[in-house]
Amino acid sequence: MKATLGYYPGCSQSGTAAEYDISTRACCKALGIGLTDVPDWTCCGSTPAHTVDHHLSGALAARNLLQAEAAGLDRVATPCPSCLAALKTADARLADETYRAEVERLLGRPGPGPVECVSVLQVLYEQVGAGGIQKHVKRPLAGLRVAPYYGCIMNRPPGLMLFDDPENPVAMDEILAACGATIVDFPFKTECCGAAFGMPRLDMLQRLSARILDMAQSCGADCVVVACPLCQMNLDLRRGQVNAASGQDIRMPVPYFTQLLGLALGLPEADLRLDKLVLPLAPALEAAHLREQACERAREAGHAAKTTGGKPDGAPAKEDASCA
Amino acid sequence: MQTINLAADCDQAFMDAVARESGQDLKSCYQCGNCTAGCAYSQDYDIPVHQIMRLVQLGQKERVLSCRSIWLCATCQACTTRCPNNIEVATVMDVLRHMARRAGKAPERLVKSFTDGFLASVARHGRVFEAGLAAVFALKSGKPLQDAGLGPAMLTRGKLAFLPHQPGGRGKEEVAEIFARFENRTDAAPAKKTGEDAQ
């Protein structure tokens, strides 16, 4: 019963978040997951549609489910949590006959049957798994301290998303740990970054995104790793605006988890497009490399004289654990 | 502090409509405040979300539909996730926003303008045309330079497409048809009728 896995890229992944789409496709290919694009896909409606009308949002999402169904795809993966929420919500609500009737009127034809929609994160976590990923790692992210940031709706509401823990999700943690990265204990995994308020209420976004970056910095992270194009845009592209409001100068990069995964899998830059990040990843990788070298020296010194207990140069005491 | 006259202002039809449109059992809210405690936007709200739930229970239609909070909810789903009585609080906020639109209320004008602009872009292209949306919003918002500083970073990283990314087949037409049927609905809050949505 191996179903063909459909792939719904979503609008952002065709524009500002192209690197998320490129690295997602490359990682899936490298890990043996075949993706078939939903043909002639259109916008899922995202947040704006559901804030205006639930039948409109249902119809915009259902059109894509119909496209998937017509192509024989009964399972569809998308990298974007907002697309995922729109597709899953429509699929769930269509079970109600009254709701379905109005959505079908907007569609002008019968609506889709059930289609299982999942995140690319869930596919990688469940189909390949941390163990499977570890076997493919060619360039471990040794020494890199990452704060996995899931955003609001990757796992919420739990009754709809049905994946991972809604308050303390771990899928991305485990995937990145399998890549050799050190996962910092990040309490803001699911706090809101300001969502789509960047244009209409920049002040709210500045406050919320600054909070997340500040926490990641306090946790000693080299980078915040994301799975959502809107979170990425707010934390990376809008960094100047966020720093200006908070009075801080946080330079921490914000790569997609698929970019770090691809890096660990040894994929070439053309598959990762790290050049599209506004805050460059290179300084974080360099810091990780230096830290790893320091740890290596500390380990060697430890072997030589266990009683001296030398601390690695330039590395704060709390990072000793990653040298173990 | 405002005084509410429960006897005079209680709108039973409003309470019933919110319950029906959201599909939620509003009576089961016992004001624990978990939703407000977890809400990232509480400090921006004029009425905290647990009080909105209470005002709905009391049929306070005018106060609820006129507030700013319902426009500032990001649907982050923390409230729904943490409600001990399994009320989909974020869905209730969504429904209140629908009702406020139908009643012609939008105290957060720019939030409504952004939403309308987004949907107008989808109606026109089948997918969101990010640069077009940003340009139109910049002109209409009255703060045209707010995001101008993002331009150079986007340009140098190839993140600014000057042409819309459109579906190849019938997708664009089908999406336009969905919007056309939606706007012909009698109770619809059309995305195009007001002047600010004409792009």
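A:Pro158 counts as partly exposed because it has 15 C-beta neighbours inside 10 Å. The cut-offs: buried takes 20 or more other C-beta atoms within 10 Å of the residue's own, exposed takes 12 or fewer, and partly exposed is in between, with C-beta atoms placed from the backbone.

Ground rules next. This is a predicted model, where local features need pLDDT of at least 70 and side-chain atom pairs count only at pLDDT 80 or more, while totals for chains, interfaces and linings use all residues. Residues are numbered from 1 along each chain as its sequence is written, and chains are lettered from A and ligands numbered from 1 in the order in which they are written.

Back to the proline. A:Pro158 sits in helix H7 of chain A, residues 158-161. Helices here are DSSP runs of H or I with at least four residues, strands are E runs of at least two, and both are numbered from the N terminus. Leaving out residues up to four places away in sequence, A:Pro158 touches A:Pro166 and B:Thr81. Contact means C-beta atoms, placed from the backbone, within 7 Å.

The residue before it also deserves a look. A:Pro157 belongs to the loop between E5 and H7 of chain A. The peptide bond between A:Arg156 and A:Pro157 is cis, with omega about -5 degrees. Most peptide bonds are trans, and most residues other than glycine have a negative phi.

A:Ser46 lies in helix H2 of chain A, residues 46-52. It is buried, since 25 C-beta neighbours fall inside 10 Å. Another case is B:Gln77, at about 75 degrees. B:Gln77 is in the loop between helix H6 (69-72) and H7 of chain B. B:Gln77 is buried too, with 25 other C-beta atoms within 10 Å.

Now the domains. Chain A is assigned domain 1 (5-120) and domain 2 (129-284); such bounds come from an automatic or database domain assignment. Over C-alpha atoms, their centres are 23 Å apart. In the contact, 23 residues of domain 1 meet 26 residues of domain 2. On the domain 1 side, helix H1 (18-30) and helix H4 (81-93) of chain A give two or more residues. H1(A) gives the most, with nine residues.

On to the strands. E6-E5-E7 of chain A is the order of an open sheet of three strands, with parallel pairing. Strands pair if DSSP finds at least two bridges between them. Why are E6 (182-183) and E7 (223-226) of chain A edge strands? Each has a single partner strand, so one side of each lacks a neighbour in the sheet. E5(A), residues 145-149, pairs with E7(A) over four bridges. There, A:Pro148 has A:Val225 as its bridge partner.

Elsewhere in chain A, strand E1 (residues 5-7) runs parallel to strand E3 (residues 75-78), joined by three bridges. A:Tyr7 stands opposite A:Ala77 in E3(A).

Last, the chain contact. Chain B puts in 53 residues and chain A 45 residues. H9(B) has the largest share of the chain B side, eight residues. By class, that side has 24 nonpolar, 15 polar and 14 charged residues. Nonpolar is Ala, Val, Leu, Ile, Met, Phe, Trp, Tyr, Cys and Pro; charged is Asp, Glu, Lys and Arg; the others, Gly among them, are polar.

How values were computed:
Two residues are in contact if their C-beta atoms, placed from the backbone, lie within 7 Å.
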